[in-house]
Amino acid sequence: MKKAAARAAELRRILERANHAYYILDKPEMSDAEYDRLFRELQSLEAEHPGLRTPDSPTLRVGGEPATGFHKHRHLVPMLSLANAFTEAELEEWEERNARLVPEVKAAGYTLEVKIDGAAVSLTYEDGLLVTGVTRGNGVEGEDVTGNLRTVLDLPLRLRGKGWPKKMEVRGEVYLPKSQFAKVNRDREKTGEPPFANPRNAAAGALRQLDPRITRARGLRVFTFQIEAPGQKLSFESQHELLETMPEWGLPVEPHHSRAADLAAAHLGIAKLQELLPKLDYGADGVAVKVDKRSLYAELGTIGNREPRWSIARKFAPEVQVTKLLEIRINVGRTGALNPYAVLEPVEIGGVTVSNATLHNADLIAAKDIRVGDWVEVTRAGEVIPQILGPAAGRPRGEKKFRMPERCPSCNSQVEHPQDEVMTYCPNISCPARILEGIVHFAGRGAMDIRGLGYERVRALLDAKLIADVADLYELTPLQLMTLEGFAEKSAQQLVASIAASKEQPLSSLLFALGIRHVGAQGAKLLARHFGTMKALSQGSAAEIAEVRGMGPAITDAVAGFFAEPRNRKLVERLEKVGLTMKETATATGPRPLADQTFVVTGTLPTLSRQQARELIEGAGGHVSDSLTKKTTALVVGADPGSKRDKAKALGVEQIDEAELLRRAKPEP
């Protein structure tokens, strides 16, 4: 047994070294035949002595037994998206915005990285060992696809070298090389399967295969580019230094990254990369431009919970094709918005066949003078969403000009066109066209959070006429669900239990879930905390709603209009009868010691994250801003506060620490 254990350990070292040489260093040190021989020898040893298989064994890359589903996994740090800059001027505007917050930005340099067009993943390593691999999901949590990610041959199961944090999340993009994509599609066509539209879709789909062996057959690869290690201090002063070090740990990094001393140099570097991108064997949808000095990241912060200020994606002019506009149709969204869209003669743009395109609203159609029968220029905004740029020059024009319908095409309700808005709306919350989208939104995360109730299940419930609106969800029984395909006794009971549990969600979640036009999650919290109960809000006048901080005219009119509609009031009454919570939590409706006070948070606080500090302040009635002004109540200062501390001193704004914030936010006994 000792001899077998020693040989297995030796084989693991040899095979992992060969993987590193082949995939990371691009310097193969053994033939494929020799690699396969040693691999089979290790497989035989582990089959004979199962206790010899370690979590980092190369044999795990073959793929295990099929999974029954994917569990949700919360990221250590939220995965944010990058804002886009399509011109040099927009990139310069981004720098100016950052410099107003942190003047040092202009002298900090930039790192330029090829932005891979793949599937974003988060990889958790503990003590150097890969323990979890997760899809991006909603940015807060994703699906645990660890078994599938183990089949990605250039992803290290155990880190090399030294100096890596004890526990860290590595961010990366899983991709399918263009050459491999062509092979996969040829194989699919041979077996009668439809080809994939593009490598990104093929990669994302492979990650969500229940059978890891199918994932492995796709031939996925990965590039990594970022590390998050909450509570641990990283030794890297710059992003460029981090990218240079990651390959030493065995983490693959896109090789064409570079450092630019300033934005002028960045423009030149980006121009060179733009010429290079089409020649690469992997999809790339731009260049990620990052402030090189990592110590500035905390000070620059994020915009909401969406995107970091310290990085932006420099995108390039999209591909444009010409095709014929056959028809303009209307889709009614969950808020009742009537969204016109174009039906096109199919055309390929960037490797994707496009047959529909967004038209946004009637004003835009009129401004571009788009008519049915036109030959039009079509592109994909952000290389994702098809949209029409306008009529193609020199081509025959259509004669039929577009007019928005006066009645909803689904329920025949008289449509509304609010003053100062470009959109036209159906006011009927029970409109059949609104129901599917509305129920899915109602059940979603951040709203009522009903696990297991996605598009397919909602559609099945509607088709079976088991529900007609969101109130009907709370009257479903397991026996009813078991009549539908895909439901067994256990899954039916789980969904009913999840629906019942959502009754405990606070008023703010319910308000967001109802899909009131213009009312997002933050607006719903502000309304719930101000009025305290659904009854008080529903009886509030437009003037009273306008008194709530952050409620502009559009939101005020939308909220007042929602409760003025009899069908909406009836729905809310039904939700109350089935037991949903119609008041905000005790914290929100109780004492508000920070009412009408504004705080700015800078640096790293001892125990509170930025989000926790925001929730604490807002829960006590206060407001959190990203910018300091003379009206700011106090600057909450943590470690490495940056330039905001000096600005607060110049403005005469009080500076407090976390302990003082906690004291002030605590209600008086």
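Predicted model: local features only at pLDDT ≥ 70, side-chain atom pairs only at ≥ 80, totals over all residues.
Local features need pLDDT of at least 70 and side-chain atom pairs pLDDT 80 or more, while totals for chains, interfaces and linings use all residues. Residues are numbered from 1 along each chain as its sequence is written, and side-chain values use heavy atoms, with hydrogens and water left out.

Aromatics first. The structure holds eight aromatic pairs (rings of Phe, Tyr or the six-membered ring of Trp with centres within 6.5 Å; planes under 30 degrees apart are stacked, over 60 edge-to-face, the rest tilted). F562 and F563 make an edge-to-face pair, because their ring centres sit 5.1 Å apart with the planes at 85 degrees. F562 counts as buried at 8% relative accessibility, and F563 is buried too, at 6% (buried is under 20% relative accessible area, exposed over 50%, partly exposed in between, with a 1.4 Å probe and protein chains only). Elsewhere, ring pairs tie Y175, F223 and Y282 into a cluster.

E90 belongs to helix α3, residues 88-101 (helices are DSSP runs of H or I, at least four residues), and is partly exposed at 31% relative accessibility.

As for the loop, M30 lies between α1 (2-24) and α2 (32-48) and is partly exposed, at 23%. M30 and L15 are 15 residues apart in sequence and 9.8 Å apart in space, C-alpha to C-alpha.

Notes:
Helix = DSSP H or I, 4+ residues; strand = E, 2+ residues; numbered from the N terminus.
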